Amino acid sequence: MIDKISTLGGYIHEYQKSVAKPEEFWSRIAESFFWRKKWDKILDWNFSEPRINWFVNGKMNITENIFERHLFTRGNQPAIIWEPNDPKDENRILSYTELFIEVKKFANVLLQQGIKKGDRIAFYMPMIPELTIAMLACARIGAIHSIVFAGFSANSLADRIIDADAKMVITSDGGYRGSKIIPIKDIVDEAVEKCPSIKKVIVVQRTNSKISFHNKIDIWWHECMANADEMHEAEVMDAEDSLFILYTSGSTDKPKGIVHTCGGYMVYTAYTFKNVFQYSDGDIYFCSADIGWITGHSYIVYGPLLNGATTMMFEGIPTYPDAGRYWDIVNKYGVAQFYTAPTAIRSLMSMGQEYIENKNLSSLKVLGTVGEPINEEAWHWYHDHVGKNRCPIVDTWWQTETGGIAISPIAGIIPTKPSFATLPLPGIQPIIVDAEGKELSGKSVEGNLCIKYPWPGMLRTIWGDHERFKKTYFSTYDNLYFSGDGVKRDEDGYYRILGRVDDVINVSGHRMGTAEVENAINEHPLVNESAVVGFPHDIKGQGIYAFVVCGELSAGGEEGIKSSIRKGVSKIIGPIAKPDRIQLVKSLPKTRSGKIMRRILRKIAEGNHSSFGDISTLLDTSVVDEIIQGAIKN
Ligand code: WTA
């Protein structure tokens, strides 16, 4: 078992060891896992190629480290507690033994369907236990899961299936979200039509919605599981075999398939989970993310289960049947650690005290946030009203790419400060650089956040495009991993994340590439061009502001065109990418060489109508005045 850091002095000691001798540090942690064959070398790396290999030639299977390693001691302990969308429906609790049986059965189903080690399987699923069962079954046989958040459009799903050349989709008939039923299977059908690589679709029955069932490729989950064999020996995986692909947005158009591998990801998620949340045996841990995002992968499924923890899976939304739902869940199960996004906190805070006032939250020990900067007001509300002034808040900074938490307090051990992610975890060597890549050392500095040494949980490549991997993360600055975030280090040496410095906006903790949204807007037949920027939004953190140039207006006038643009974006990417504000403009501010000056648009979207800095390269300054006038009216 992984030892927990238990004092501030202990943290400092561990951190110093992890920097002085990273290989030794990680090998000691890796030794607490079950390896079929031990590694020959801990780390083999070069950031300029880039090449990153941890636990070289080590053989293992992540599910043996979840199940076989824990069965004798924890067989009857709940692994997953699933809380349904409707609190009146029955919950489901799967012990480690029960979950293991389901995983082995589904592993056999996959094999029977011709899935082999290395094949890709796409997921488009609501938050139900079958999602976790199927994920772990993939890991068990060495198939690579690619989970697509079930709020993306059919189009986005198809793009991801095609990019990964997936053979199979795992889905459900429908999904419950508050009072709505989402037609999950219809969306999959629409996507699969464009994806000849898909040979089979496995469908879990959840809502009993009427669906079109295509006998040639569709298979019901309950039918194929009915007679599946319960015996299954895990596939032996190399530490550097791919475990999963997870797509995320970047500053250029196409989402990137971030690849994580078996050994390093296992060691890193397990280590960070146990330490950051200070998980103790018997604690009930609740992360409210969706498994379609990295937070769900690392801190609902892998991190907790690798530690033999009890992890909650919540199917619904925080406001159904009312805005007290999270607190009801905390009370119902006696949740000890609660991990959510600042956007959820701000939204619940805005609904008023009555939903939290009389709830019993005395089981809580640790609170966490992730995904975007947390403003001080939300931090204090979380601390005072949820944590009742007695629970440390871990503001955890990390990314799909980092695999696990990288900069964060260790609960109860590293003193917190509102809106600061505080200090790097052992094994993480952050460095702040200026635009030229010069290190800004010392305290009270601000610049771009890079990491200068590999850690086991980091991404290994972008699926099918190693060159893009190099260009995106290792070419901005020599020999450094560049995160894309701005950061400040204060007089105490604490880190505060300032947000993205590239063309990525963070809407309710979801990453959106501006180019991706622009391309979707530009598909509209009446749109000539567009520019998308982020703007401060009370609940979402950042909202999407689109400046759009149209050739002519349709019959519906300005409002008609705006609503059809929103519909279009929803269809092409998904509802999460719908612009919050659209301003129709005659033209966009461009430099003489034709580049859109986003800096100016960002200022206007923020409501700042002056202090644009140097605008001497602007082709036509009257464009800016006109946009400002329009923004004031908009
Ligand atoms: C942002 C989510 C401030 C950041 C795990 C990063 C944060 C992006 C924090 C990654 C935090 C994440 N404070 N900003 N505690 N955590 N971010 O890939 O901009 O969905 O680059 O991973 O979210 O988002 P992703």
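Is W39 buried or exposed? W39 is buried, with a relative accessible area of 11%. That's a handy place to start my notes on this one; bear in mind throughout that we're looking at a predicted model.

1. **The W35–W39 pair.** The model has 44 aromatic pairs. One of them joins W35 and W39, edge-to-face, with 4.9 Å from centre to centre and 80 degrees between the planes. W35 counts as buried too, because its relative accessibility is 10% and the cut-off for buried is under 20%. So both partners are on the buried side of that cut-off, W35 at 10% and W39 at 11%.

2. **F535 and Y545.** Here's another edge-to-face pair: the F535 and Y545 rings are 5.8 Å apart, centre to centre, and their planes make an angle of 90 degrees. F535 is buried at 8% relative accessible area, and Y545 is buried at 1%. F535 also has a charge over its ring: the charged end of R581 sits there, 5.8 Å from the ring centre.

3. **Another arginine over a ring.** Have a look at R160, which lies over the face of F152. The distance to the ring centre is 4.4 Å.

4. **A cluster of rings.** Ring pairs tie W45, F47, Y453, W455, F469, Y473, F474 and Y481 together into a cluster. If you're clicking through the model, W45 and Y481 are among the members to pick out.

5. **Around the ligand.** How many residues surround the ligand? There are 17, and the closest are D395, T400, D485, R500 and R511. Sorted by class, the shell has 6 nonpolar, 6 polar and 5 charged residues. Three elements each supply at least two residues of that shell: α11 (294–306), β20 (393–396) and β25 (495–500).

6. On the side-chain end, an N or O atom of D485 is 2.6 Å from a ligand oxygen. R511 also puts a polar side-chain atom 2.7 Å from an oxygen atom of the ligand. P373 takes part through its backbone instead, where a polar atom is 3.4 Å from a ligand nitrogen. As for cover, the ligand on its own has 530 Å² of accessible area, and the protein covers 96% of that.

7. **Two cis prolines.** Most residues other than glycine have a negative phi, and most peptide bonds are trans. With that in mind, check the bond between E49 and P50, which is cis with omega at about -15 degrees. P50 is in the loop between β1 (41–46) and β2 (51–56). Y320 and P321 are joined by a cis peptide bond as well, with omega about -5 degrees. You'll find P321 in the loop between β17 (310–314) and α12 (325–333).

8. **Positive phi at F55 and T422.** Neither of these is a glycine: F55 has a phi near 55 degrees, and T422 has a phi of about 65 degrees. F55 is in strand β2, whereas T422 is in the loop between β20 and β21 (430–433). Are they buried or exposed? F55 counts as buried, as its relative accessibility is 0%, and T422 is buried with a relative accessible area of 0%.

9. **Two C-alpha distances.** P255 is in the loop between β14 (242–248) and β15 (256–261) and counts as buried at 14% relative accessibility. Its C-alpha is 8.9 Å from that of D159, and the two are 96 residues apart in sequence. Then there's A631, in helix α19 (residues 622–633), which counts as buried at 9%. A631 and A309 are 322 residues apart along the chain, and 51 Å separates their C-alpha atoms.

Definitions and conventions:
Residues numbered from 1 in each chain as written. Predicted model: local features only at pLDDT ≥ 70, side-chain atom pairs only at ≥ 80, totals over all residues. Heavy atoms only, no water. Phe/Tyr/Trp six-rings, centres within 6.5 Å; stacked < 30°, edge-to-face > 60°. Buried < 20%, exposed > 50% of the residue type's maximum accessible area, 1.4 Å probe, protein only. Lys NZ or Arg CZ within 6 Å of the ring centre and 35° of its normal. Near = heavy atom within 4 Å. Polar contact = N/O pair within 3.5 Å; in protein donor to acceptor, adjacent residues only side chain to side chain. Areas by Shrake-Rupley, 256 points an atom, 1.4 Å probe, with all protein chains shown as cover. Helix = DSSP H or I, 4+ residues; strand = E, 2+ residues; numbered from the N terminus. Nonpolar A, V, L, I, M, F, W, Y, C, P; charged D, E, K, R; others polar.
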